[in-house]
Amino acid sequence: MTHSHLPQLREQKTAVDLTPLEFLQGTLYRLKAANELSVPDRMFYLVGADGGESPAGVLQRTDAVRVVSGTNVTKDGQSLDEIWRDLQRWLTAFNGQAEALVAMLSFVVDHERERTAQYTNPGFQDASEFGEPNEISLQYVFRGFPLRHKDLKIGFTQEFLDDALGREVAAVRTTAEAAWRQIQKNHVLEALFGSANYTTRQGIDVVRLWNADGEVPPPFKRWTHDGTHTHYLTTGIAAHDATDVDAMAEHVVHHGFTDVDDSVLTLHQHRDEIAVSRTLAEWVPADQSNHPVVTTGPIVGLRTGRNGLRVEGFLGEVAVVMNNDIPQLYHLMTATGGAFTQENPVGFRVHENRAARGLRLTPGPIGEYPIRDAVYDGYVGAGIRHRSSAVVMQSTAGAYADPTFTL
């Protein structure tokens with residue numbers, strides 16, 4: 001049935017005689033002829049191109065779809081196309097920055113399995129006139145690093161865009177960026193606080209910090225360990241004290257990680273736990289101390305921040321930073337030499353394809369309006385590289401229990 005037949009058909013048939021498709025086509029035709037049809041961009045109407053309804057009411061490939069354009073500017077006159085270009089420019093700048101916590105705890109890896117060197121001292125031997133010296137033999141272990149694909153749809157509706165100001169449309173950027181930073185931090189922290197090794201669906205074996213799984217840590221100086229060694233500790237009571245901090249420090253020191261380059265001990269605590277630390281007799285506030293702190297590079301003098309993390313004070317040789325991403329009643333101590341150094345405990349996984357790294361913004365399916373139904377997406381993952389360079393503790397009288405993180 002074509003449009004030219006609709007008026008005649010309407011005269012010959014009553015509403016009872018019309019099929020549903022014929023009735024819809026006739027209504028749309030009359031509204032369009034009277035300039036009363038206004039359809040938003042996301043709405044469309046179907047017209048049978050063969051002049052009638054397909055068999056059994058099923059629309060065939062010959063059915064035509066017409067899309068009527070909608071709003072392309074905000075209520076205050078800003079072009080959605082220009083806002084889209086701004087979002088892409090902001091995203092480029094965003095991907096050029098690293099989240100401080102992720103940088104201080106991890107080292108970037110781009111494969112699902114990588115060989116990681118163990119810290120050992122090969123030693124020297126007495127030289128002889130004809131002897132052949134021993135070669136340096138580095139010890140390596142293979143570690144697994146999972147990768148997950150995450151996405152987040154913008155999902156603007158036409159009604160929202162009709163009523164929105166430019167700044168309200170652009171505000172989606174900060175929401176998406178904050179969500180991406182948070183999921184990166186959650187993956188890194190889950191890798192540290194989770195105590196059980198596991199195998200992914202792709203067959204990647206992922207280990208945790210030392211967790212008494214039978215693997216023997218390499219010896220360091222006069223310290224040796226066995227397969228029951230663990231870096232998941234508890235305080236034995238409901239709160240921590242200075243002896244617990246010392247125990248955590250000992251578990252990092254006796255693996256040699258404070259002897260590597262400029263690595264220093266850092267204790268990450270939630271604000272609630274720092275309130276407990278401030279009551280300890282050994283507490284030295286950061287603004288009253290003369291402890292050296294480390295930036296990415298050489299040791300420098302008094303500062304109240306550590307690579308973007310706020311230092312609240314010191315307990316002995318340990319710098320205590322406020323980190324509200326750490327769950328209450330949990331504590332994390334690491335030996336780090338700076339942002340993304342090899343001694344950091346976590347392998348922060350990125351995609352092997354450089355074009356698939358970072359946060360991306362993919363345009364929606366409507367070419368004229370890329371911001372409509374656009375999708376943020378990216379790849380993220382984390383696994384332990386160095387089982388020795390971090391230790392976690394839970395304030396509890398019972399056994400250690402894994403906290404939960406949204407991944």
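Predicted model: local features only at pLDDT ≥ 70, side-chain atom pairs only at ≥ 80, totals over all residues.
1. A quick word on terms before we start: a residue counts as partly exposed when its relative accessible area lies between the 20% under which it would be buried and the 50% over which it would be exposed.

2. The side chain of Arg360 forms a salt bridge with that of Asp377, at 2.6 Å from N to O. Because Arg360 sits in strand β19 (residues 360-362) and Asp377 in strand β20, the bridge ties together parts that are 17 residues apart in sequence.

3. Another bridge worth a look joins the side chains of Glu215 and Arg387, at 2.8 Å from N to O. Glu215 belongs to the loop between β8 (205-206) and β9 (232-234), and Arg387 to the loop between β20 and β21, so parts 172 residues apart in sequence are tied together here. Is Arg387 buried or exposed? With a relative accessible area of 1%, Arg387 is buried. Glu215, at 24% relative accessibility, is partly exposed.

4. Next comes the pair of Glu99 and Lys185, whose side chains meet in a salt bridge at 4.0 Å from N to O. Glu99 is in the loop between α3 and α4 and Lys185 in helix α7, so distant parts of the chain, 86 residues apart, are linked. Both partners are buried: Glu99 has a relative accessibility of 17%, and Lys185 has a relative accessible area of 13%.

5. How many salt bridges does a search of the whole structure find? The count is 14. Besides the pairs above, there is a network of salt bridges that links Glu82, Arg85, Asp86 and Arg89. As background, side chains of opposite charge can pair when their charged atoms come close.

6. The largest nonpolar core has 43 residues, and the members that touch the most others are Leu192, Phe193 and Leu332. Among the elements that give two or more residues to this core are helices α3 (80-95), α4 (100-105) and α7 (172-193), together with strands β17 (330-336) and β20 (375-384). Which element gives the most? That is α7, with nine residues. In soluble globular proteins, nonpolar side chains tend to be buried together.

7. Setting aside neighbours within four places in sequence, Leu332 is in contact with a list of residues including Leu105, Leu189, Leu192, Phe193, Met248, His268, Ile326 and Val392. There is also a second, separate core of 19 residues, with Leu233, Val252, Val320 and Val391 among its members.

8. The structure holds six aromatic pairs. In one of them, the rings of Phe193 and Phe405 have centres 5.9 Å apart and planes at 45 degrees, so the pair is tilted. Phe193 lies in helix α7 and Phe405 in the segment after β21, 212 residues apart. Both Phe193 and Phe405 are buried.

9. A second ring pair is formed by Tyr330 and Tyr400: the centres are 6.0 Å apart and the planes are at 90 degrees, so this pair is edge-to-face. Tyr330 is in strand β17 and Tyr400 in the segment after β21, 70 residues apart. Tyr330 and Tyr400 are both buried. Ring pairs also join Phe193, Tyr232, Tyr330, Tyr400 and Phe405 into a cluster. Elsewhere, Arg173 lies over the face of Trp90, at 4.2 Å from the ring centre.

10. Finally, a look at Val169 in helix α6 (residues 166-170). Its relative accessibility is 0%, so Val169 counts as buried. Leaving aside neighbours within four places in sequence, the contacts of Val169 include Thr74, Leu80, Ile83, Phe156, Phe160 and Ile371. Between Val169 and Ile154 the C-alpha to C-alpha distance is 9.8 Å, and the two are 15 residues apart in sequence.

Definitions and conventions
Residues numbered from 1 in each chain as written. Heavy atoms only, no water. Helix = DSSP H or I, 4+ residues; strand = E, 2+ residues; numbered from the N terminus. Buried < 20%, exposed > 50% of the residue type's maximum accessible area, 1.4 Å probe, protein only. Contact = heavy atoms within 4.5 Å. Core = buried A, V, L, I, M, F, W, Y, C linked by side-chain atoms within 4.5 Å. Phe/Tyr/Trp six-rings, centres within 6.5 Å; stacked < 30°, edge-to-face > 60°. Lys NZ or Arg CZ within 6 Å of the ring centre and 35° of its normal.
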